[in-house]
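Subject: Structure handover

Hello,

Here is the structure we spoke about, with notes on what turned up in it. Please look at the model first and then read on.

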Amino acid sequence: MHKGKFWAVLAVPLLAGCDGGASALSPAGPAAQQIATLWWAMLAGAGLITLLVLVLAGLALWRGPRPTGERGWIVWWGLGFTMSVLAVLLGFALWTGERMIARGDGAMQVQAEAYNWGWRFTQPGPDGPVVTEGILYVPAGQPFDIVLTSPDVIHSFWVPQLGGKMDAIPGHRNVHRLQADAPGRHEGLCAEFCGLGHAAMRFEVVVYDPAAPPAFISAERAP
Amino acid sequence: MAWVLRMLAGPLLWGALFSAVYALHGLGCAWDWPARATPAGPLHPLAMILLWLAGLALHGALILWNRADGSARQALLVRAGNWIGAVASAATLFPVIVLSTCG
Amino acid sequence: MTEDIPANPARKALRLHREMDRIWSDLPGWRGSLASVNHSTIGLRFMATSFVFFAIGGVLAMLIRAQLATRDGAFLDTALYNQIFTMHGSIMMFLFAIPMLEGLGMWLLPKILGARDLAFPRLGALGYWCYLFGGTIILASLLLGMAPDGGWFMYVPLSGKTHTPGVSADVWLLGVTFVEISAVAAAVEIIVTILRMRRAGMGLTRMPLMGWYMLGTAAMMLVGFPPLILGSILLELERAFDWPFFDILRGGDPLLWQHLFWLFGHPEVYIIFLPAAGVLSTIIPVFARVPILGYGAIVAAVLGLVFLSFGLWVHHMFTVGIPHMALAFFSAASALVAVPTSVQIFAWIGTMWAGRVELRLPMLHVIGFFLTFVMGGLTGVMLAMVPFNWQAHDTAFVTAHLHYVLVGGFVFPMMAGITYWMPMISGRFRVRALGEAAFWLILLGFHGTFFLMHLTGLLGMPRRIDRYPGNPEWEWLNLVSSIGGMVMAAGFALFVMDIGMQWLFGRRSHRNPWRAETLDWAMALPAPPYNFASLPGPRHPDSSAILPLARGEGLLPGSPRDRREVLVTDAGTGRPDHVAVVPGNTVLPIWTAAALGSFFLLMLAGLYWLTPLAIAAILWAGWQWGGFMGSPRDAAPIPVAPGLSLPEHWQIRQTLAYSGTVTLLVADGTLYASLLFGVGFLTVIAPNWPAPESGLGLGALLAAGGALLSIAAATLAARLAETRRDRPTGATAALTGVLAAGLALALLGVLAWQLDDPRRHARDALRGVLLGHAVFHGAVALMLGLRSLCDARQGRTSRLRRGAAPVWQLFQAFWLATAALSLGLVILQEVG
């Protein structure tokens with residue numbers, strides 16, 4: 001985790017002026033954080049493997065001929081090395097994914113209806129559900145489930161700083177689990193191409209302090 | 001050409017097993033099998049695990065008895081086919097024993 | 001196992017060349033060129049045409065990069081931009097990559113396997129014309145501003161009639177399906193050629209690796225394309241006639257399209273990669289001057305890739321809401337597929353390690369492959385990891401990844417292949433330095449475009465957006481990509497120029513300039529249309545046999561019977577089996593493609609009532625094709641070598657046509673299996689099931705049962721028509737079979753009136769498709785039955801000659817099996 005953050009800091013000067021409004025590399029929630037960790041680990045591994053293969057290929061090109069056998073290249077490198085790296089990675093990724101998925105634990109639920117071309121959110125309020133256009137209000141530090149629906153074509157809900165994306169598909173009701181660490185604002189966008197208004201189909205996630213929710217929002221967990 | 005069929009046996013068994021377990025997964029989720037209890041745990045993972053183990057047993061049988069007596073290269077390829085199928089079935093379907101079913 | 005075959009007496013090479021050239025050359029003039037069927041001509045046409053489409057797709061890519069260079073991109077409006085990126089993807093996939101590899105396979109395989117032509121020359125030509133006409137239709141839509149604009153994977157409901165009125169989506173569905181005819185044709189042709197036309201004595205385990213790679217590719221095309229063809233048919237039926245396969249209100253589901261599309265779409269990536277890997281496995285040992293390391297391991301890797309690549313498709317659908325366990329199956333399969341890929345990469349490195357590599361231009365492109373593809377493979381493994389995929393899916397990261405894979409894993413190897421085989425095509429050496437400059441520009445331009453694009457995606461930029469006014473942090477990355485793109489485009493222009501210069505100004509090449517061992521270099525340069533004046537056998541296994549073969553010392557020398565004769569061998573051992581006569585120049589393929597094209601154009605124009613005319617034209621053309629299946633007389637065995645005479649193909653049961661039909665039925669069976677998957681998927685997953693009460697009654701059951709019995713009777717009659725072919729009862733059986741098939745078709749027509757309105761619910765629409773499937777196969781079987789009947793009546797069958805009857809039986813059996821399954825399925829639905 002810390003190593004990941006360290007690398008992220010190194011990368012930041014490259015991303016001139018990026019305060020990470022839509023960046024998956026500046027996570028602001030546990031899911032995004034875990035995925036970012038996975039990414040930095042995979043990047044380091046991939047960098048090393050690329051280097052290794054290219055050095056081997058470069059040496060092979062350099063001079064020769066050299067006596068060599070099939071066993072080393074095929075069995076040790078091709079099968080042994082590759083399969084052990086993949087086994088470790090796959091295990092880690094599945095364990096990460098398993099902790100991320102929504103489960104029926106009574107977390108707060110908000111509805112998100114994605115339509116051509118905008119977002120309509122319904123969140124629990126003190127006097128019943130509150131409907132907002134283009135802005136989703138969620139409390140900090142609590143997991144919440146987004147119930148995604150679409151009346152027209154397929155859209156995809158994505159807040160890069162909070163976690164992965166989930167499609168809104170006509171006829172289906174997808175549930176997506178996210179959590180934000182601290183109060184703040186995050187960019188959200190439609191990730192699945194949906195026609196003429198696709199590029200502008202943005203929204204915003206406002207994360208509030210559960211101790212001081214906006215007046216029209218209830219901080220209480222909906223049952 | 002018989003050795004070609006022998007070479008294909010392992011991968012084809014993987015294909016059949018992969019499709020069967022995936023289909024069983026979809027059917028089970030649609031029919032609410034995870035909620036149905038059996039003495040050995042919920043019905044859904046149990047059914048998938050049994051199917052997977054049966055498939056792995058068949059792969060084991062292939063590895064033991066599916067051989068070709070042609071050239072060395074033919075024998076190698078038949079053996080490779082057996083192992084490709086077995087490793088593929090073990091690696092692609094092991095999630096049945098570790099993950100939650102329909103979440 | 002492979003016994004020696006004695007050599008034929010040597011003759012004057014020039015005289016033999018003239019004798020062969022007269023029979024095997026294309027006809028002169030542009031009219032003559034419409035009749036060409038020769039594999040070299042057709043293969044080169046495929047490659048040249050695909051390169052034109054590559055250039056067009058490249059220009060579209062430059063428009064995309066120009067638009068994205070700045071955040072307000074006021075260069076194109078959104079509607080046009082959507083057409084452009086959709087067309088870029090569709091053209092590069094369907095009109096460049098697939099035809100390019102088909103062309104390479106068709107041009108190269110007979111040469112490298114030691115044959116004179118492909119198994120079905122007319123089919124190759126038909127495929128080419130279908131590709132050209134279909135591609136032209138798609139391209140014309142772009143010029144008319146009616147191009148598809150829903151993204152190259154055409155997700156529904158966006159590509160449905162409600163959200164995409166007009167013809168743009170129909171252009172994609174019909175045009176791409178038209179082009180896919182050529183893919184299936186090429187797959188059948190390549191498989192039969194590899195299995196049955198290898199040099200005498202070349203056992204499967206000793207064929208050049210390119211043969212294994214193309215065998216794997218063609219097998220995947222055979223099984224990979226049918227799901228997309230089915231999906232396209234279903235979506236076109238929904239758009240044209242309102243049959244609700246994807247409409248949730250009436251029992252359809254948009255996810256069915258995604259499954260069918262990616263069932264094709266992921267294997268497609270490996271269909272593109274395998275031939276390219278075959279090129280690498282061919283070229284690297286030549287320049288390293290050692291045999292390839294790990295032949296058996298590479299064949300096993302191809303085997304693994306062919307199968308595993310069908311277990312990955314859902315990794316394009318990780319965000320559609322499928323449960324985590326199911327995602328994990330596909331995630332694990334996607335990771336596992338990296339193993340056979342890495343086995344090959346290490347085998348190539350090991351080969352270079354064992355040898356002393358000459359850094360000629362083709363090897364530079366091989367280095368380009370390593371520098372690019374390794375990274376593409378690794379980002380592929382990253383994307384296979386479910387949680388990371390949830391972030392990176394549908395972002396510029398994926399765009400970067402897929403270009404690393406496709407350019408690294410296809411374009412660089414293809415450029416290696418083109419520069420390697422160019423002397424054989426043009427007969428000339430290349431001009432110095434230009435090719436190297438092109439290579440460096442392409443390499444630098446490519447990485448300039450796509451390396452940082454990974455980061456652009458992780459910073460949140462989704463795919464397929466045309467402007468990003470609120471995200472200035474993406475701007476410099478995009479600008480760098482755009483500049484890189486222009487550099488790469490300049491590199492490709494230079495590459496084309498290099499090829500042109502070589503053709504025009506290159507020095508004459510001497511034979512076998514790379515000192516390769518494979519048989520493709522055992523011929524004069526440029527390659528003659530017949531490849532080998534006499535065919536290589538056990539005595540002439542490699543390129544050193546060039547002179548003996550030209551002098552006629554090999555098998556089946558010359559063309560003394562004034563027709564195109566080829567040697568057919570046993571699939572496993574390569575033992576000579578019989579001599580096949582393949583068709584020469586004919587305009588039938590272009591007329592058939594025109595008939596098919598008229599059908600697609602009428603569908604596109606919505607003139608459905610005129611389509612029977614086109615169908616009649618297609619049936620007429622199909623009837624003409626069958627004319628080649630019979631022969632009026634028994635012929636004496638043909639001398640192949642001293643002491644070895646073989647029968648003509650008309651006197652053999654296991655002909656190339658028979659093998660081809662079996663192969664085609666594999667594709668056909670996959671199409672049917674995809675349809676069954678569709679029924680199962682909608683029944684279990686789609687909302688708004690069960691379907692409303694059906695109106696099927698006793699009348700429908702009687703019609704269906706009667707049809708099934710008639711089909712069974714026709715199948716039996718087809719069998720008798722063959723077994724009793726030398727007696728009068730054979731003709732009677734053929735007539736009975738034709739009548740039974742006709743009756744079955746009539747009863748299926750009656751059944752059509754009994755079905756519920758297919759527009760009511762997806763179940764009823766699927767029943768309509770099942771019925772249509774039976775009718776279509778009935779029509780084909782009936783045609784073959786009529787052909788057999790004509791053969792029997794006109795004395796074109798004898799004790800030795802079987803005519804069309806064996807192929808008829810195959811289609812009858814397939815018709816019977818699928819019709820019985822369909823009926824069983826409907827009964828199950830009614831009872832359950």
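The model is predicted, so please read what follows with that in mind.

I start in chain C, in the loop that runs between helix 18 and strand 1 (564-569), where C:Leu556 is found. C:Leu556 is not a glycine, yet its phi is positive, at about 50°. Is C:Leu556 buried or exposed? With 26 other C-beta atoms within 10 Å, against a cut-off of 20 or more, C:Leu556 counts as buried.

A second residue of this kind is C:Arg464, also not a glycine, with a positive phi of about 65°. Its place is the loop between helix 16 (453-458) and helix 17 of chain C. C:Arg464 has 20 other C-beta atoms within 10 Å and is therefore buried, as the cut-off is 20 or more. For context, a negative phi is what most residues other than glycine have, and most peptide bonds are trans.

Two cis peptide bonds are also worth a look. In chain C, the bond from C:Leu525 to C:Pro526 is cis, with omega near -10°. C:Pro526 sits in the loop between helix 17 (475-505) and helix 18 (546-550) of chain C. In chain A, the bond from A:Asn116 to A:Trp117 is cis, again with omega near -10°. A:Trp117 belongs to the loop between strand 1 (108-115) and strand 2 (118-123) of chain A.

Next, the interface of chains A and C. Here 68 residues of chain A are in contact with 67 residues of chain C. On the chain A side, at least two residues each come from helix 2 (30-62), helix 3 (70-100), strand 7 (166-168) and strand 9 (184-190). Which of the elements of chain A gives the largest share? Helix 3 of chain A does, with 17 residues. By class, this side of chain A has 43 nonpolar, 17 polar and 8 charged residues.

Last, the domains of chain C. The chain is divided into domain 1 (39-505), domain 2 (584-623) and domain 3 (695-832). The centres of domain 1 and domain 2 of chain C, taken over C-alpha atoms, are separated by 29 Å. Their contact takes 12 residues from domain 1 and 11 residues from domain 2. On the domain 1 side, helix 5 (121-143) and helix 6 (168-196) of chain C each supply at least two residues. Helix 5 of chain C gives the most, with 6 residues. The residues on that side of domain 1 divide into 10 nonpolar, no polar and 2 charged.

Regards

Methods
Residues are numbered from 1 along each chain as its sequence is written. Chains are lettered from A and ligands numbered from 1 in the order in which they are written. This is a predicted model: local features need pLDDT of at least 70, side-chain atom pairs count only at pLDDT 80 or more; totals for chains, interfaces and linings use all residues. Helices (H or I, at least four residues) and strands (E, at least two) are DSSP runs, numbered from the N terminus. A residue is buried if 20 or more other C-beta atoms lie within 10 Å of its own, exposed if 12 or fewer, and partly exposed in between; C-beta atoms are placed from the backbone. Two residues are in contact if their C-beta atoms, placed from the backbone, lie within 7 Å. Ala, Val, Leu, Ile, Met, Phe, Trp, Tyr, Cys and Pro count as nonpolar, Asp, Glu, Lys and Arg as charged, and the others, Gly among them, as polar. Domain bounds come from an automatic or database domain assignment.
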